[in-house]
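Thanks for coming, everyone. Please put the model up on the screen, and I'll walk you through it.

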Amino acid sequence: MKPEWVYAIDESKLPDEGMVAVYPKGLQVLLIKSLGHIYALSDKCAHMACSLASGVLEDHTLKCPCHDWKYDIRTGEFLDATEIKLQLYDFKVSDGKIFVKVQEEK
Ligand code: FES
């Protein structure tokens with residue numbers, strides 16, 4: 001199936017240096033605004049799938065609230081073993097609204 005742009009949230013609801021979990025078409029996506037940039041990653045930690053939305057964000061590093069795994073939000077990489085990655089999602093901002101690209105399962 002073709003990928004689809006799905007509305008997630010108004011950009012004004014995403015605070016500076018903050019994170020919001022969104023669920024376009026049921027996907028668990030974490031939107032992050034840090035140092036003036038927006039990132040869209042999987043909200044499921046690669047360790048035991050905790051939501052990262054209540055983790056600790058510091059510049060480009062996000063720490064999972066469950067067992068402190070740390071990720072680079074620019075690449076999704078787990079800092080201690082970079083072959084482990086959170087999925088990154090394409091997104092776009094249009095008219096103050098953030099859309100996430102959702103690839104439907106076949
Ligand atoms: S679930 Fe994230 S570090 Fe364990």
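Let's start at valine 93: its bridge partner in S9 is isoleucine 98. Before I go on, a word on the source. This is a predicted model, so I hold local features to a pLDDT of at least 70 and count side-chain atom pairs only at pLDDT 80 or more, while totals for chains, interfaces and linings use all residues. Residues are numbered from 1 along each chain as its sequence is written, and side-chain values use heavy atoms, with hydrogens and water left out.

Some terms, quickly. Strands (E, at least two residues) and helices (H or I, at least four) are DSSP runs, numbered from the N terminus. Two strands pair if DSSP finds at least two bridges between them.

S8 and strand S9, residues 97-102, run antiparallel and are joined by 4 bridges. They belong to an open sheet of 3 strands, in the order S1-S9-S8, with antiparallel pairing. S1 and strand S8 (91-94) are the edge strands, each pairing on one side only. On average, neighbouring strands here are turned by 30° against each other, direction ignored. For that angle, axes are lines fitted to C-alpha atoms, for helices over the stretch in contact, and angles run from 0 to 180 degrees between N-to-C directions.

Now strand S3, residues 29-34. Is S3 mostly covered or uncovered? Covered: 6 of its 6 residues are buried. Buried means under 20% relative accessible area, exposed means over 50%, and partly exposed is in between, using a 1.4 Å probe and protein chains only. Look at both faces. Val29, Leu31 and Lys33 are buried on one side, and Leu30, Ile32 and Ser34 are buried on the other.

S3 has a partner in S2, residues 18-22. The two pair in the antiparallel sense over 5 bridges. Valine 20, for one, has leucine 31 of S3 as its bridge partner. S3 also pairs with strand S4, residues 37-42, again antiparallel, over 6 bridges. There, lysine 33 has isoleucine 38 of S4 as its bridge partner.

Check the turns. Most residues other than glycine have a negative phi. Which residue of the S2 and S3 hairpin takes a positive phi? Lysine 25 does, near 55°, and that hairpin has 6 residues between the strands. The S3 and S4 hairpin has 2 residues between its strands, and leucine 35 in the turn has a positive phi of about 50°. Lysine 25 is exposed, at 52% relative accessible area. Leucine 35 is partly exposed, at 47%.

I count one when a side-chain nitrogen of Lys or Arg lies within 4 Å of a carboxyl oxygen of Asp or Glu. How many turn up in the whole structure? The search finds 7. In one of them, lysine 25 pairs with glutamate 4, with the closest N and O atoms 3.4 Å apart. That pair links distant parts of the chain: glutamate 4 is in strand S1 (residues 4-10), lysine 25 is in the loop between S2 and S3, and they are 21 residues apart. Glutamate 4 is partly exposed, at 29%.

Two others to look at. Aspartate 72 meets arginine 74, closest N and O atoms 2.9 Å apart. Aspartate 72 is buried at 13%, whereas arginine 74 is partly exposed at 45%. Lysine 85 and glutamate 77 form a salt bridge at 3.9 Å, N to O. Salt bridges that share partners also join Glu11, Asp16 and Lys33 into one network. Recall that Lys33 is one of the buried residues of S3.

Last, the cysteines. A disulfide here is a pair of cysteine sulfur atoms within 2.5 Å. The count by this rule is 1. Cysteine 50 is joined to cysteine 66, S to S 1.8 Å. Why is this disulfide called left-handed? Because the torsion about the S-S bond of cysteine 50 and cysteine 66 is about -95°. Cysteine 50 lies in the loop between S4 and strand S5 (56-58), and cysteine 66 in the loop between strand S6 (61-63) and strand S7 (70-72), so the pair ties together parts that are 16 residues apart in sequence. Cysteine 66 is partly exposed, at 35%. Cysteine 45 is buried at 6%, and cysteine 64 is buried at 2%.
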